[in-house]
Each structure stands twice: as structure tokens, then as C-alpha cells.
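Here are a few exercises to work through with the model open in your viewer. Try each one yourself before reading the solution.

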Amino acid sequence: MTVESTAARTPRRSAGSKAGTTGTKRTRTTAKKDAGTEPQLVQLLTPEGKRVKNAEYDKYVAGITPEELRGLYRDMVLTRRFDAEATSLQRQGELGLWASLLGQEAAQIGSGRATREDDYVFPTYREHGVAWCRGVDPANLLGMFRGVNNGGWDPNSNNFQLYTIVIGSQTLHATGYAMGVAKDGADSAVIAYFGDGASSQGDVAESFTFSAVYNAPVVFFCQNNQWAISEPTEKQSRVPIYQRAQGFGFPGVRVDGNDVLGVLAVTRWALERARSGEGPTLVEAFTYRMGAHTTSDDPTRYRGDEERQAWEAKDPILRLRRYLEASNHADDGFFAELETESEALGKRVREAVRAMPDPDHFAIFENAYADGHALVDEERAQFAAYQASFADEGGN
Ligand SMILES: Cc1ncc(C[n+]2csc(CCOP(=O)(O)OP(=O)(O)O)c2C)c(N)n1
Ligand SMILES: [Mg+2]
């Protein structure tokens, strides 16, 4: 069956049935693929925690020690604990919004740990695990979500850009930065994170074109978590996302995004390609967003429990735990200590958020233009008059 004929048969949503507003669950439309486009998945660790051989990618994790494996496990557990704390803080009114990474820990820790200190990372708003790997204090990730600052960390301290909400735009920033890295003759690499939904953005297509043509040292790391708010991946692409790279002239690989070892190996390979002048790579980490899109979203409006349950069986943390236990790489003491550390992290973050000072109301007018701008001056003056109007009425 051709791709065109499959597309023609796909049921279209009727007018007025906007996703997330009808209250009915839609049946997911699964596009059948040509034999030639059957997706292949790199996996080194099965959901049952069994290590499987892979002729191409084993070498990228060949020397990994039990201590490093425990480290990856610790990273994922602490990231999940932090994320749960942030969700609770939003529910308690301490944050305006939160975008949970639940389920995507392996995709983020595996890729984040593959980066070198001098590499540069361009994240979306969900990369809390990558931020952790880069050494950004988790508490600092919460300022923007509390509404007290516009970012919360200095991007150049950890080579980790500010969170980007404008879907896909950071892939262009990453490409431009990577072109600069190449011009400087440096051997560092750049990695741009984005989602399955973002893959439909023009910005992403343009970044693919430019990076390919200029052979930019950039890794495009797409976390296909199956959903873009209420839109399933089938609405983004008629071919598996990683296969799109071929049309732009660079390789694409799909890796089991819930397998931290697999992700580590594939991302190391892709970063190595970038460093050695071989240009861009697209990595599609096949994973699942276990929670809501953000705390403003209700996924029960557009997807069923069965889907979530099927992915729960592929949990990234559980599978590494099974592997660690089966190979005697971690004992009860390790898991108990980690539990204590997790609770301490939750407490520290909770306290840090509650202690965040309210911002100066005029701070929002700063940092947009280095030398100021007449329109911003006008808006600042208007806002000052507005504030003063409360004082006139005796209010505060
Ligand atoms: C340019 C732009 N269009 C639309 C939005 C609204 N929006 C926010 S998140 C989102 C979906 C993104 O889905 P995906 O890229 O799969 O990332 P995920 O949230 O699943 O991590 C959309 C459409 C936006 N932020 N920016
Ligand atoms: Mg998505």
C-alpha cells in the first residue's frame, strides 16, 4: 500500500471535534507503513531488564562499570522524585504550571550523560533530566514556572540554554550555534531537544536543511513521547520520525527511549559523529509521556488507560533496577540510601521554592534589548502609571 493511499483512508476528525474539548476518546489512527519503511529500534536493555547484544552500538557502552550503572539509576530516580515534587508544588499553588517528564527519564538521562562538559545543549521546557545531568540546580528550574523570573540560570555556566516554549525554535538556535562551533574549529558538539509535535514545525525542517548543508556538528534529539498535547504522533508524520533525516541527507536512528543504556550508546555515537566532522544526526527516542502534557492538561479526555498501562510495563527505572539486581550490581543498602536522598531532594526543592522572592515588577522590561527600546520605555511608563493608580486609591 502506498503512503498516499493510506493517508486517503485515514478517517478525518469532523469539524467541531477539537481534541480535548469533546469529552470523547478518539480512536488512534495508525498509518500502515510500506515494507521499506518498517521502523527499527535500537535496544540494549529489554523491559524485563535483560541485556541484549547489539553489533553496532555495544561498543559505545562496552566499558561501563557497575558504579556508572548505579549512577544512571540514581539520576533517573532523583529526577523522577524532583518531577513529582514539582507537580505537587503546582497542585499546592506554589507553581503556576509544570510540565512533567514522567516516563522520559531514560531518554533524558541517557542522552544528557552522553554529553561532554564543553558540548552545548538546547532544551525544550521538559528537559529536567538533562538539566540535572548538566549540573543545573533543580530548584532553579522552578522560578519560571512560579513566575518569578524568565529563566532561572545562566546558560553559559553549564552550557545549557534556557527552556524554550516556542515549539521547535531551539533547533534553529542550536544549528546556528553548531555552525559557529565548526567555524571556530572546536571539537565540541551541540544537541537540540524537541518533541514529536515539534517535528512538524517549519523551524525544525529549516534546521535540518541548514545543518545538513553546512555539515553542522549538531545532534537532533527527538523525544517521541507519542503525544503533542492531545495530538498523537500519527498526526505528525506518515513515516517514522527518524526516517525523515534521510531526505535531508543525514542519518536517523530510532532508539528505545525507555532504555537508558541504549540511549546512552546511540547518543554517544551521534555526538562522536558531530565531533569528528561527520555532521548532523537525528536520534528519535521512542518513549511515552506518562503524565499530562502540563498540569493544565487532562489526558483522560483524549487517551485511554490501556495505552498508559502498556507503557508502564516498559518503565525505564524498573528495567534498570531489574538489571542491577539480576547482575548483583546493587544491594538493598544502595536502594534504601537512594530513597533517603530522594526525600531530602524533595524537601530541599520545596523549601527553595517557597523562599523564592517575588520579582521586582519592573524587571519584565529588562533584558529584551541590550541598549533599550522606545516601545519598551513607553510600556514601562504605562505600567508605572497603572501601578501608581492603585496607590492613588489608597490600595497597595
Ligand atoms: C510555535 C508554537 N506553537 C504552538 C505552541 C503550543 N504548544 C505548546 S506544547 C505543544 C505540543 C508540543 O508537543 P511535542 O513537540 O510533542 O512536545 P511534548 O510537549 O510532547 O514534549 C504545543 C502545540 C507553542 N508553544 N509554540
Ligand atoms: Mg510529544
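**Exercise 1.** In what order do the 5 strands of the open sheet run, and is the pairing parallel or antiparallel?

*Solution.* Keep in mind that this is a predicted model.
- Step 1: walk across the sheet and you get β1-β2-β3-β7-β6, with parallel pairing.
- Step 2: check the ends. β1 (120-122) and β6 (252-256) each have a single partner strand, so one side of each has no neighbour in the sheet.
- Step 3: Ignoring direction, neighbouring strands are turned by 20 degrees against each other on average.

**Exercise 2.** Zoom in on β3 and β7: over how many bridges do they pair? Then find what packs on the sheet.

*Solution.* 
- Step 1: β3 (residues 218-224) and β7 (residues 281-286) pair over 6 bridges, in the parallel sense.
- Step 2: pick out one bridge. F221 has V283 of β7 as its partner.

**Exercise 3.** Describe how α2 and α13 pack.

*Solution.* 
- Step 1: get the geometry. The axes of α2 (residues 66-91) and α13 (residues 332-354) come within 9 Å and cross at roughly 35 degrees.
- Step 2: assign the hand, which is right-handed.
- Step 3: list who touches. α2 contributes residues including R70, V77 and F82, while α13 brings in, among them, F334, L345 and R350.
- Step 4: sort the contact residues by type: 9 nonpolar, 2 polar and 6 charged.

**Exercise 4.** How many residues surround ligand 1?

*Solution.* 
- Step 1: count the shell, which gives 15 residues, the closest being I167, G195, G197, A198 and A228.

Notes. Residues are numbered from 1 along each chain as its sequence is written. Chains are lettered from A and ligands numbered from 1 in the order in which they are written. This is a predicted model: local features need pLDDT of at least 70, side-chain atom pairs count only at pLDDT 80 or more; totals for chains, interfaces and linings use all residues. A residue is near a molecule or strand if its C-beta atom, placed from the backbone, lies within 6 Å of it. Axes are lines fitted to C-alpha atoms, for helices over the stretch in contact, and angles run from 0 to 180 degrees between N-to-C directions. Helices (H or I, at least four residues) and strands (E, at least two) are DSSP runs, numbered from the N terminus. A crossing is left-handed if the near helix is turned anticlockwise from the far one by less than a right angle, and right-handed if clockwise. Two residues are in contact if their C-beta atoms, placed from the backbone, lie within 7 Å. Ala, Val, Leu, Ile, Met, Phe, Trp, Tyr, Cys and Pro count as nonpolar, Asp, Glu, Lys and Arg as charged, and the others, Gly among them, as polar. Two strands pair if DSSP finds at least two bridges between them.
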